[in-house]
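Please read them with the sequence and the structure at hand.

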Amino acid sequence: MIEKGAVLPMFYLPPVEYFVRLNAYKPDILIEREEHFPKQTYRNRANIYSPEGILPLVVPVIKGSKNHTKITDVKISYDFDWQRLHWQSLGACYRRSAYFEYYEDDFAAFYQKQKQIPFLFDYNEQLLQLLLRLTKIKTEIAYTDEYHAEYPAIPDFRTSIHPKKETELEQKTYFQVFEERKGFLKNLSIVDLLFNQGPQSINYL
């Protein structure tokens with residue numbers, strides 16, 4: 001058992017809190033890869049800011065990916081073109097932002113049909129490496145090699161960062177494209193911060 005750093009799950013376009021924690025506890029970051037897949041979490045969903053408020057983007061998984069399926073065995077479903085839907089949504093929500101075009105090519109590759117990565121964990125992992133580069137967080141990532149229900153010696157964020165839980169993070173405001181409609185929305189996907197703050201995002205984290 002490790003005695004410093006923190007343990008985090010592998011998320012899809014993780015929320016801002018995820019990167020605040022990762023940046024605070026680096027370089028001793030442990031990513032959980034031995035857990036069973038829990039449904040309705042950020043492992044296959046992300047929240048972005050649409051004109052109507054929060055818009056969840058959900059990566060569909062193949063039926064049979066129940067709670068007893070190991071996270072690294074969960075397969076993405078490509079039965080319908082969710083990649084196109086997610087990319088259209090990101091464009092509709094953020095094309096007016098200051099830095100969407102700056103990062104557009106980096107993200108576009110993940111939403112093209114020729115990039116149909118079979119496993120959710122692998123897809124999220126490649127996105128995480130991109131996001132670490134774009135946020136300028138320099139750290140190596142280590143992975144769990146066995147499952148532990150708890151890590152008494154270090155902060156464990158596997159269940160605390162959750163769509164249905166209010167974040168405990170005291171989050172400073174930053175400009176959001178539609179804030180005149182719904183005000184500042186806390187703890188959206190990291191892409192909300194990146195598209196609005198660009199290279200200055202690291203100062204926020």
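1. Strand β3 is mostly covered, with 5 of its 6 residues buried. Buried means under 20% relative accessible area, exposed over 50%, and partly exposed in between, with a 1.4 Å probe and protein chains only. Helices (H or I, at least four residues) and strands (E, at least two) are DSSP runs, numbered from the N terminus. The model is a predicted one, in which local features need pLDDT of at least 70 and side-chain atom pairs count only at pLDDT 80 or more, while totals for chains, interfaces and linings use all residues. Residues are numbered from 1 along each chain as its sequence is written, and side-chain values use heavy atoms, with hydrogens and water left out.

2. β3 pairs with β4 in the antiparallel sense over 6 bridges; two strands pair if DSSP finds at least two bridges between them.

3. A separate point concerns the parallel sheet. It is open, has 3 strands in the order β1-β2-β5, and pairs them in parallel. β1 (6-8) and β5 (141-143) are the edge strands, each with a single partner, so one side of each has no neighbour in the sheet. From one strand to the next the twist averages 40°. Axes here are lines fitted to C-alpha atoms, for helices over the stretch in contact, and angles run from 0 to 180 degrees between N-to-C directions. β1 is joined to β2 (residues 29-31) by 3 bridges, and V7 stands opposite L30 in β2.

4. Two helices belong with this sheet. Helix α1 (residues 16-25) packs on the sheet and touches β1 and β2, its direction making about 150° with that of β1. Contact means heavy atoms within 4.5 Å. Helix α4 (residues 120-135) lies across β2 and β5 and runs at about 160° to β5.

5. How many of the 10 residues of α1 are buried? The count is 8, so α1 is largely enclosed by the rest of the structure. The buried residues are V16, E17, Y18, F19, V20, R21, L22 and N23. Their cover includes β1, β2, α4, α6 and α7 (201-204).

6. Helix α2 (residues 82-94) has 13 residues and spans 18 Å from its first C-alpha to its last, close to the 18 Å expected at 1.5 Å a residue. The expected span is 1.5 Å times one less than the number of residues. Buried in α2 are W82, Q83, H86, W87, S89, L90, G91, C93 and Y94. The cover over these residues includes β3 (45-50), β4 (53-58), α3 (100-108), α4 and α6 (190-197).

7. A search of the whole structure gives 19 aromatic pairs. Rings of Phe, Tyr and Trp (its six-membered ring) pair if their centres lie within 6.5 Å; planes under 30 degrees apart count as stacked, over 60 as edge-to-face and the rest as tilted. The rings of Y102 and Y103 have centres 4.9 Å apart and planes at 85°, so this pair is edge-to-face. Y102 counts as exposed at 54% relative accessibility, whereas Y103 is buried at 3%.

8. F107 and F195 also form an edge-to-face pair, with ring centres 5.5 Å apart and planes at 75°. F107 lies in helix α3 and F195 in helix α6, so the pair ties together parts 88 residues apart in sequence. Both residues are buried. One aromatic cluster is formed by W87, Y94, F100, F107, Y111 and F195.

9. Where is L131 found? L131 is in helix α4 and is buried, with a relative accessible area of 0%. Leaving aside neighbours within four places in sequence, L131 is in contact with L13, P14, F19, F107, I190 and L194. The C-alpha atoms of L131 and F107, which are 24 residues apart along the chain, are separated by 9.5 Å.

10. T139 has its place in the loop between α4 and β5 and is buried, with a relative accessible area of 15%. Not counting residues up to four places away in sequence, T139 touches L22, K26 and P27.

11. Two lysines sit over rings. The charged end of K115 is over the ring of F110, 4.8 Å from its centre. K172 lies over the face of Y204, at 5.1 Å from the ring centre. The criterion is NZ of Lys or CZ of Arg within 6 Å of the ring centre and within 35 degrees of the ring normal.
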